[in-house]
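Dear colleague,

I am handing over the structure that we spoke about, and below it you will find what came out of a first look. Please read the notes with the model open beside you.

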Protein chains: 2
Amino acid sequence: MIEVSVTELRDVVGRELRAHGVADDDAAILIDYIVDTESAGHRTHGLRRLTGMLTATAKTPPSGPVQIRRTSPGVIALDGCGRLGVVVAQRCTDLAIDEARLGGSAMVVATGFRGSTGALGYFTRQAALRGLVALMVASCESGVAAEGGIDPALGTNPLAVSFPHDRTPITLDMATSAVSYGTLQEMAAHGIPAPPSTVVDAAGRPSCDARDALTGAQLPMAGHKGYGLALLIELLAGPMIGGKAGRSATPGSDGLVMVATRVDHFRMPNEIAEETARLLAEIRAGRRRDPDEPIRIPGERSEHARIAAERSGRVLVDELLWRDTRRRAERDE
Amino acid sequence: MIEVSVTELRDVVGRELRAHGVADDDAAILIDYIVDTESAGHRTHGLRRLTGMLTATAKTPPSGPVQIRRTSPGVIALDGCGRLGVVVAQRCTDLAIDEARLGGSAMVVATGFRGSTGALGYFTRQAALRGLVALMVASCESGVAAEGGIDPALGTNPLAVSFPHDRTPITLDMATSAVSYGTLQEMAAHGIPAPPSTVVDAAGRPSCDARDALTGAQLPMAGHKGYGLALLIELLAGPMIGGKAGRSATPGSDGLVMVATRVDHFRMPNEIAEETARLLAEIRAGRRRDPDEPIRIPGERSEHARIAAERSGRVLVDELLWRDTRRRAERDE
């Protein structure tokens, strides 16, 4: 790992995006996203995804601006028109925040984007910072077997939820597969064995080789529960909104669904904040399994890392990845 | 197991409820609930819960009818005024269905009920039969440790989601603990060991004795993921709506949150139905881990059991439980 300044990280990413003809508005969104994920320590979903994004957008450049269709108050459908997943997810988030703050609740969905939507918790967290409870789910390329099956049937279909809590919202961001695809990629790259019950090979046999996830399949989290969640997410982000369903995916057919609602429909914000703080304190004060390991609140570690990065103006990035990105940015300019 | 006629089951449950002074409207809801859960094979949440419900309602009888407060269009808060959880969950469901069919979406929450809300999938399924996607979560007595902790910190906080699919909606109904409390009770009653990583004893040591869940704690499903889901549910059903949060529970402080939205905001119902059917067929046609075990769709087994019970007019119930219930009904009358 190497420590770089946030200014330099923004600059290098910005140059690389401009060199690939990414529009300024889109580039601004992508820079913010990458700086935040690297600051928060979500390294599988940050700078590492930049090359993939640029490849996706180079293959099929955007056909126009994002199309927005408001089907009824608080209900909006976006067609990404080939823009990048992170850009479209940010547009969804901005609209969901505006609609929910105005009307109380919002559902915003999107299809027609290219490449990954990134770490969904990045988006739900923004809504929670504005006083909303937010849920976001997305479908993605099928690589996960159904419970009882061995063929890839569903995406790793992630799920993020954020709940407001001052400047440090509580955020759960999880794949519905046993292990996220990004983590398996890291394992494969470093020759680390995949944990038991997470991967099967092409013949459907249990495997500890993370690379088998590509030719075989990933397994769902917690058996039928993770499979059930993945299927429900596939239905919402697929048949319900017009995204892909199952293996018959074409590029740009992934779907995204965001739901946001004001947290203070029923009680005063200060009552909610007080009881939330009391609950978190109670959980933290409980006896620990390992005395040296504090009990953590979901998203807490990332919030601390963000605060540290903001104070110092510096972030830790993978050294090889950083050199590679800087070299490309210079070459491509 | 013993096969009894649905008519006789309705009759016996009805007599027992009347003998305990349960109001006719409430009794009708409870009878339907118990017949459906027994028909569907959800035996840990059906007839077995009747005694517990009657005890809960005997201790603190309802103080009046359910209070309904509409805070804005599509947003409703119920105070159960001491009525039973299943009754209040049904009232939530009826209101959510009406509001969402009229306005597109609804959020209905409840506190102030006594005893369990029952199997949440029973309620979300009703919404799906009316063309809605529905999510229901509930908090309950704390028995589950936080990830990294060993004290009970959160409820088993279940989560159900249903998606419309003709007469057989797709329903996921799961506890966020590794094993549901009802299943652990069954295991304890029959001397079956609890699976590994599901229970710790009072000293926080891993245990295979299901009874230890009472003095020690249950463990969350899939580690930090189940813990994260349980905490978010506790925040929604607790601080957000005025239900209990954490261990400081008083009777009647559990919370319930239901969200429902029309499935056809973005596309025609027939398009959604066709693609849903295609996805399910694709999943079923995949290679199986065990050639003799079909790949199932969440809720499918229950739907088949319901159809069989409807056709025959008969259901299988636990023989001891049935005799016991019938004896009580006769004695109490």
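At roughly what angle do the axes of helix α1 (residues 6-19) of chain B and helix α11 (residues 319-332) of chain B cross? Before the answer, a word on conventions: residues are numbered from 1 along each chain as its sequence is written, while chains are lettered from A and ligands numbered from 1 in the order in which they are written. This is a predicted model, in which local features need pLDDT of at least 70 and side-chain atom pairs count only at pLDDT 80 or more, whereas totals for chains, interfaces and linings use all residues.

**Helix pairs in chain B**

The axes of α1(B) and α11(B) cross at roughly 45 degrees and come within 9 Å; axes here are lines fitted to C-alpha atoms, for helices over the stretch in contact, and angles run from 0 to 180 degrees between N-to-C directions. Helices (H or I, at least four residues) and strands (E, at least two) are DSSP runs, numbered from the N terminus. The crossing of α1(B) past α11(B) is left-handed, a word used if the near helix is turned anticlockwise from the far one by less than a right angle, with right-handed used if clockwise. V12(B), R15(B), E16(B) and A19(B) of α1(B) make the contact with T325(B), R326(B), R328(B), A329(B) and D332(B) of α11(B), where two residues are in contact if their C-beta atoms, placed from the backbone, lie within 7 Å. By class, this contact of α1(B) with α11(B) has 3 nonpolar, 1 polar and 5 charged residues; Ala, Val, Leu, Ile, Met, Phe, Trp, Tyr, Cys and Pro count as nonpolar, Asp, Glu, Lys and Arg as charged, and the others, Gly among them, as polar.

The crossing of α4(B) past α5(B) is right-handed. From α4(B) the contact takes A89(B), Q90(B), T93(B), A96(B) and I97(B), and from α5(B) it takes F123(B), Q126(B) and A127(B); these residues divide into 5 nonpolar, 3 polar and no charged.

**Chain A**

Chain A has 11 helices and 14 strands. Its radius of gyration (taken over C-alpha atoms) is 20 Å, close to the 20 Å that the globule rule gives for 333 residues, so chain A is as compact as a globular protein of that length; the rule is 2.2 Å times the number of residues to the power 0.38.

Helix α1 (residues 6-19) of chain A and helix α2 (residues 24-40) of chain A have axes that come within 10 Å and cross at roughly 140 degrees, which makes α1(A) oblique to α2(A). Their crossing is right-handed.

**Where the chains meet**

In all, 59 residues of chain A are in contact with 59 residues of chain B. On the side of chain A that touches chain B, α8(A) gives the most, with 11 residues. By class, that side has 31 nonpolar, 15 polar and 13 charged residues.

With best wishes

Conventions: Angles under 35 degrees count as roughly parallel, over 145 as roughly antiparallel, 65 to 115 as roughly perpendicular and the rest as oblique.
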